[in-house]
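Please read this briefing alongside the model. It covers the metal sites and then the nonpolar core.

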Amino acid sequence: RAKLDGRNNYAFYTESMTKQAVEQLKLQTALHHALANEDFYLVYQPKLTLKDLSPCGFEALIRWHDPILGDISPAEFIPLAEKIGLIWDIGLWVLKTACLQGVEWLTQGKTFERISVNVASLQMQRNDFVDKVRQVLLETGLPTKHLELEVTESCMMHNPEAIIHDLKLLGAMGIALSIDDFGTGYSSLNYLKRLPIDKLKIDQSFVGDIPHDVNNTAIAKAVIALGHALNLQIIAEGVETEEQAEFLRRNGCDLAQGYLYSRPRLSDALTEFLPLVNGIK
Ligand code: C2E
Ligand code: MG
Ligand code: MG
Ligand code: MG
């Protein structure tokens, strides 16, 4: 189409394409360096039990601050890391760092149920994924009962039998498993019933405008009912208002996380969500 608009437009079009390609390349190069330079860090977002608002764990979320490019969102660089083959190393770094943080909290007498770590589909595709997780748990010393992995429906797109097999192994180790962004990806109820998972996460795109949007409200209710019928716990992500929380609570949703309770924070800023073993905050 650009070509038909005439010479100048064509030139403009290719120029902007080149610019975009250059930006991508810069980002790629920076991403390659970020691991070695320790430009990544983790923040943690509390998860709460809806009925009494007791804290029950955290989701670890990666952050990247590049000295030149500034802060780059994981929504941008995680897909890029998948594309250029860096997700495996980044994923391992996240897992190790989160496990070490968990051990540190436990050593300090702080209690939490689980730390959740996001797992990209491409990590799950590797046949040494389960071994690596086992190794990281051994090396860091985090008891398996304190780890949860968040996988997405898209991990079932290739070789679902192998994925189901691996998830079963991870579950048998005592790791909790949840399906992240549930309802936004490749969903198959047939797989869902066979997956050895513990929780469904209602995607924030369905949570944002409940109870006002009739469709999303219906979807949120249906996911809760479906999950409970399959003996799964339901967690809502992206809870921002009291109204959303109240609706979810009334409709039996088990857990929640979102800005209403806390933004993702650095580990030092989580004291109120980490009760001490002796019960004093
Ligand atoms: P996700 O796993 O679904 O994580 C939830 C995202 O929603 C996070 O964005 C979180 O900061 C944000 N969020 C939480 N509460 C609220 C809220 O009340 N309102 C709104 N508007 N947003 C909320 P973040 O940290 O930018 O991460 C985006 C996505 O990047 C994640 O979505 C996940 O898919 C991916 N990601 C982040 N960290 C990692 C990681 O360590 N490994 C992998 N593989 N992916 C990651
Ligand atoms: Mg997640
Ligand atoms: Mg999510
Ligand atoms: Mg999401």
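Which protein donors does the magnesium ion (ligand 3) have? They are D180 (OD), D181 (OD) and E237 (OE), at 1.9 to 2.6 Å from the ion. This is a predicted model, in which local features need pLDDT of at least 70, side-chain atom pairs count only at pLDDT 80 or more, and totals for chains, interfaces and linings use all residues. Residues are numbered from 1 along each chain as its sequence is written, chains are lettered from A and ligands numbered from 1 in the order in which they are written, and side-chain values use heavy atoms, without hydrogens and water.

**Metal sites**
- Donors are N, O and S atoms within 2.8 Å of the metal (3.2 Å for Na, K and Ca); water is not among the atoms, so sites may look incomplete.
- Along the chain, the donors of ligand 3 follow the spacing D-D-x55-E.
- D180 bridges the magnesium ions ligand 3 and ligand 2, which lie 3.6 Å apart.
- The magnesium ion (ligand 4) has D181 (OD) and E237 (OE) as protein donors, 2.2 to 2.3 Å from it.
- This pair links distant parts of the chain, 56 residues apart: D181 is in strand β6 (residues 176-182), and E237 is in the loop between β8 (233-236) and α10 (242-250).

**Nonpolar core**
- L147, L149, L170 and L248 touch the most other members of the largest nonpolar core, which has 78 residues.
- Such a core is a set of buried Ala, Val, Leu, Ile, Met, Phe, Trp, Tyr and Cys residues joined through side-chain atoms within 4.5 Å.

Methods:
Helix = DSSP H or I, 4+ residues; strand = E, 2+ residues; numbered from the N terminus. Buried < 20%, exposed > 50% of the residue type's maximum accessible area, 1.4 Å probe, protein only.
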